[in-house]
Amino acid sequence: MTRSFARKLAPEVKVNAIAPAMILFNEGDDAEYRQQALNKSLMKIAPGEKEVIDLVDYLLTSCYVTGRTFAVDGGRPLR
């Protein structure tokens with residue numbers, strides 16, 4: 001859909017998508033669950049919301065990027 005809408009709406013509108021994996025833990029998540037979740041990515045961190053905010057900022061200031069899906073997943077598919 002991202003690419004289809006980008007094609008249809010360009011150049012007036014840029015269309016991009018963000019596909020996050022685990023970004024934050026819930027308060028009630030125990031240490032075992034947290035470690036299991038961290039082990040699923042190459043980066044082994046919970047980056048927090050700033051990682052997504054920085055990506056949104058980049059996309060809003062870019063005048064050229066469109067039709068992309070940005071995986072914010074710490075390399076999970078590479079495991």
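Trainee: How many salt bridges does the count come to?
Mentor: The count comes to 1 salt bridge. Keep in mind that this is a predicted model.

Trainee: Which side chains meet in that salt bridge?
Mentor: Those of D54 and K50, at 2.9 Å from N to O.

Trainee: And where do D54 and K50 lie?
Mentor: Both sit in helix 3, 4 residues apart, which is about one turn of the helix.

Trainee: Why can side chains like that pair up at all?
Mentor: Side chains of opposite charge can pair when their charged atoms come close.

Trainee: Is K50 buried or exposed?
Mentor: K50 counts as exposed, because its relative accessibility is 53% and the cut-off for exposed is over 50%. D54 has a relative accessible area of 37%, so it is partly exposed.

Trainee: Switching topic: how many aromatic pairs does the structure hold?
Mentor: It holds 1 aromatic pair. F25 and Y33 form it, edge-to-face, with 6.3 Å centre to centre and 80 degrees between the planes.

Trainee: Why is that pair called edge-to-face?
Mentor: Because planes over 60 degrees apart count as edge-to-face, and here the angle is 80 degrees. As for Y33, it is partly exposed, with a relative accessible area of 41%.

Trainee: OK, what about S62, where is that found?
Mentor: S62 is in the loop between helix 3 (49-61) and strand 2 (68-72).

Trainee: Buried or exposed?
Mentor: S62 is buried, since its relative accessible area is 12% and buried means under 20%.

Trainee: What does the side chain of S62 reach?
Mentor: It reaches the backbone nitrogen of Y64 at 3.2 Å. The backbone nitrogen of V65 also lies 3.1 Å from a polar atom of the S62 side chain.

Trainee: Now the backbone. Which residues does a cis peptide bond join?
Mentor: A10 and P11, with omega at about 5 degrees. P11 is in the loop between helix 1 (2-9) and strand 1 (16-20).

Trainee: And what is the phi of K44?
Mentor: K44 has a positive phi of about 55 degrees, although it is not a glycine. You'll find K44 in the loop between helix 2 (31-38) and helix 3, and it counts as partly exposed at 37% relative accessibility.

Trainee: Last one: how much space lies in the largest pocket?
Mentor: About 190 Å³. Of the 14 residues that line the largest pocket, the closest to its centre are M22, I45, P47, D73 and G74.

Trainee: How does the lining divide up?
Mentor: Into 9 nonpolar, 2 polar and 3 charged residues.

Definitions and conventions
Residues are numbered from 1 along each chain as its sequence is written. This is a predicted model: local features need pLDDT of at least 70, side-chain atom pairs count only at pLDDT 80 or more; totals for chains, interfaces and linings use all residues. Side-chain values use heavy atoms; hydrogens and water are left out. Rings of Phe, Tyr and Trp (its six-membered ring) pair if their centres lie within 6.5 Å; planes under 30 degrees apart count as stacked, over 60 as edge-to-face and the rest as tilted. Buried means under 20% relative accessible area, exposed over 50%, partly exposed in between (1.4 Å probe, protein chains only). On a 1 Å grid over the protein atoms alone, a cavity is a set of points where a 1.4 Å probe fits but cannot get out, and a pocket is an open set with protein on both sides within 12 Å along at least five of seven lines; lining residues have an atom within 4 Å of a point. Grid points are joined across faces, edges and corners, and a volume is the space filled by probe spheres set on the points. Ala, Val, Leu, Ile, Met, Phe, Trp, Tyr, Cys and Pro count as nonpolar, Asp, Glu, Lys and Arg as charged, and the others, Gly among them, as polar. Helices (H or I, at least four residues) and strands (E, at least two) are DSSP runs, numbered from the N terminus. A polar contact is a pair of N or O atoms within 3.5 Å; within protein, one must be able to donate a hydrogen and the other to accept it, and residues adjacent in sequence count only if both atoms are side-chain atoms. A salt bridge is a side-chain nitrogen of Lys or Arg within 4 Å of a carboxyl oxygen of Asp or Glu.
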